[in-house]
Amino acid sequence: MSETQFGVTLPARRGFSVPIQIIEAGGVTAWLVEDHSVPVVSVAWSWAGGQALEPEGREGLAGMAASLLTEGAGDLRATDFSDALSDEGIGLGFSARADVFEGSFRTLTDALPQAVPLARLAMTSPRLDEDAVARVRARALLAARQQTESPGAVARRAFWEAAFPRSSLGRAATPETIETITTGDIRTALEAQLHRGGVQVVAAGALDAAGLRAVLGELFGALPAGTPPELTPPGPMEMFGKVLRPMPGPQSHMVFGQDALPPTDPDWEASQVALRILAGGGFSSRLMRTIREQRGLTYGIGAGLSVAFGQALVQGVVSTENARASEVWRLVREGWAEMAQDGPTEEELRDAVAFLAGSLPLQFTDSRRSASLLLGLRQTGRTPEWLAGRPARLAALTREDVMRAGRRFLRANTLALAVAGQPQGL
């Protein structure tokens, strides 16, 4: 076992410091932000996998498997397991996303001796009772049906299907795929996913290094050796142009996007600044001012960066009257091209950097948010040193840096668009 400590100041001018300890025990490495000001502990962990491990035709399997981990374990049926958690005020949950399978709990320090065994039991001895499987399936079916009725969801699904037609990213759960999932499928999926190896762990709150070592051993020691199956990268996004899903209604729901610079790129921070100014700054963004405030074409428009499989994608959403869809699309592409060509003003740069640097300490205001941020950093391959250097990297950005990044990933001529509705002129 070993321990390393990093003092991360975010940012120095505000005197806010996040001491990240690196703890190793039993072959598992964890990050710890220790804070005893409130008697609460949050622990979060993840493996590579999630929806990426679903066999074709079994979409929805990973989500059902994750939900069933808290629907009874060991000798405790679903109601008894739920009561055991609620009696101690323990929040325990599991989830599956595009390329990760996650677990977490949040508890008062006095209940930590109960939280860890319950979390371990959920992972090592899930019951998968028939009534629990039926209940989870019913919820999954309802969610899948709702995805076929909401124009926004239909547009998002059309985008991902067209962008990644040969990858799990382009497949979504449907009522048909969920109906085919068996209890055997769920057990097989969990056996493939849950291992001692390959797990990334973070903790925040009223817990010291010795306490975390004990947690690591008890929480993961009984899991089988090995790691989840290796994931197959999806490859670059298909620049598909436009796809339309006709749906009745007065508005068109539009989802647009393209590949972005990966998190490992030196221009990552510059690209974040460019996108915040263009479409990620709420009412202060250029697209919001141009399309909502100046022309009244929408209630809102925004775009953000997402990362999966180590790749980044910028994706935006906007809804507008069917008759104005082509005008909105023209304005989006013009805004894209203008930012790539001219970059930000000095005032825009200053405001965006101030927001990104100033908002980071807010992510450490409670143990759950701290753990979530730390886990996200680990999933994207970040280090404590990277986090410590972020304020300085942001402060050093120039207009030329942001312009260069924008020209590299804001390509208006290849921006892809998926629409659900009855748009005119597209």
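Does Glu-238 count as buried, exposed or partly exposed, that is, which class does its relative accessibility give? At 32% relative accessibility, Glu-238 counts as partly exposed, where buried means under 20% relative accessible area, exposed over 50%, and partly exposed in between (1.4 Å probe, protein chains only). The model is predicted, and for this reason local features need pLDDT of at least 70 and side-chain atom pairs count only at pLDDT 80 or more, while totals for chains, interfaces and linings use all residues. Residues are numbered from 1 along each chain as its sequence is written, and side-chain values use heavy atoms, with hydrogens and water left out.The secondary structure of the protein chain comprises 15 helices and 12 strands; helices (H or I, at least four residues) and strands (E, at least two) are DSSP runs numbered from the N terminus. A compact globule of 426 residues would have a radius of gyration near 22 Å, and the 23 Å of the protein chain agrees with this. That radius is taken over C-alpha atoms, and the globule rule is 2.2 Å times the number of residues to the power 0.38. Along the principal axes, the C-alpha atoms fill a box of roughly 60 × 55 × 35 Å. Of the 426 residues, 50% count as buried. The accessible surface comes to about 18,500 Å², of which 51% belongs to carbon and sulfur atoms; areas come from the Shrake-Rupley method with a 1.4 Å probe, and for residues only the protein chains shown count as cover. Among contacts (heavy atoms within 4.5 Å) with a separation of 6 or more, 79% are accounted for by residues 24 or more positions apart.

In soluble globular proteins, nonpolar side chains tend to be buried together. A nonpolar core is here a set of buried Ala, Val, Leu, Ile, Met, Phe, Trp, Tyr and Cys residues joined through side-chain atoms within 4.5 Å. The largest such core has 61 residues, of which Phe-256, Val-273, Val-332 and Trp-336 touch the most other members. Another core, of 58 residues, lies apart from it and includes Ile-23, Ala-25, Val-43 and Leu-69.

Helix α7 (residues 183-193) has Ile-186, Ala-189, Leu-190 and Gln-193 as its buried residues. Seen down the axis of α7, these residues fall within an arc of 95°, so they line one face of the helix; the arc is that of the directions from the helix axis to the C-beta atoms. The packing partners of the buried α7 residues are β4 (40-48), α1 (61-68), β6 (100-108) and α4 (130-149). Helix α4 also holds Ala-138, which counts as partly exposed at 44% relative accessibility. Between Ala-138 and Pro-224, the separation is 86 residues in sequence and 30 Å in space, C-alpha to C-alpha.

A search of the whole structure finds 22 salt bridges, a salt bridge being a side-chain nitrogen of Lys or Arg within 4 Å of a carboxyl oxygen of Asp or Glu. In one of them, the side chains of Arg-157 and Glu-161 meet at 2.9 Å, N to O. Both residues lie in helix α5 (residues 151-163), 4 residues apart, about one turn of the helix. Arg-157 counts as partly exposed at 27% relative accessibility, and Glu-161 is likewise partly exposed at 27%. Glu-161 also forms a salt bridge with Arg-245, with the closest N and O atoms 3.4 Å apart. Glu-161 belongs to helix α5 and Arg-245 to strand β8 (residues 242-246), so this pair ties together parts that are 84 residues apart in sequence. Arg-245 counts as partly exposed, at 32% relative accessibility.

Glu-238 takes part in a salt bridge with Arg-166, in which the closest N and O atoms are 2.2 Å apart. This pair links distant parts of the chain, 72 residues apart: Arg-166 is in the loop between α5 and α6 (175-180), and Glu-238 is in the loop between α8 (209-220) and β8. Arg-166 counts as exposed, at 68% relative accessibility. Elsewhere, a network of salt bridges links Asp-265, Asp-267, Asp-401, Arg-404 and Arg-408.

Two loop residues carry backbone angles of note. For Leu-128, phi is near 55°, a positive value in a residue other than glycine. Leu-128 is placed in the loop between α3 (112-124) and α4 and is buried, with a relative accessible area of 6%. Phe-309, also a residue other than glycine, has a positive phi near 55°. The loop between β10 (301-308) and β11 (311-321) contains Phe-309, which is buried with a relative accessible area of 16%.
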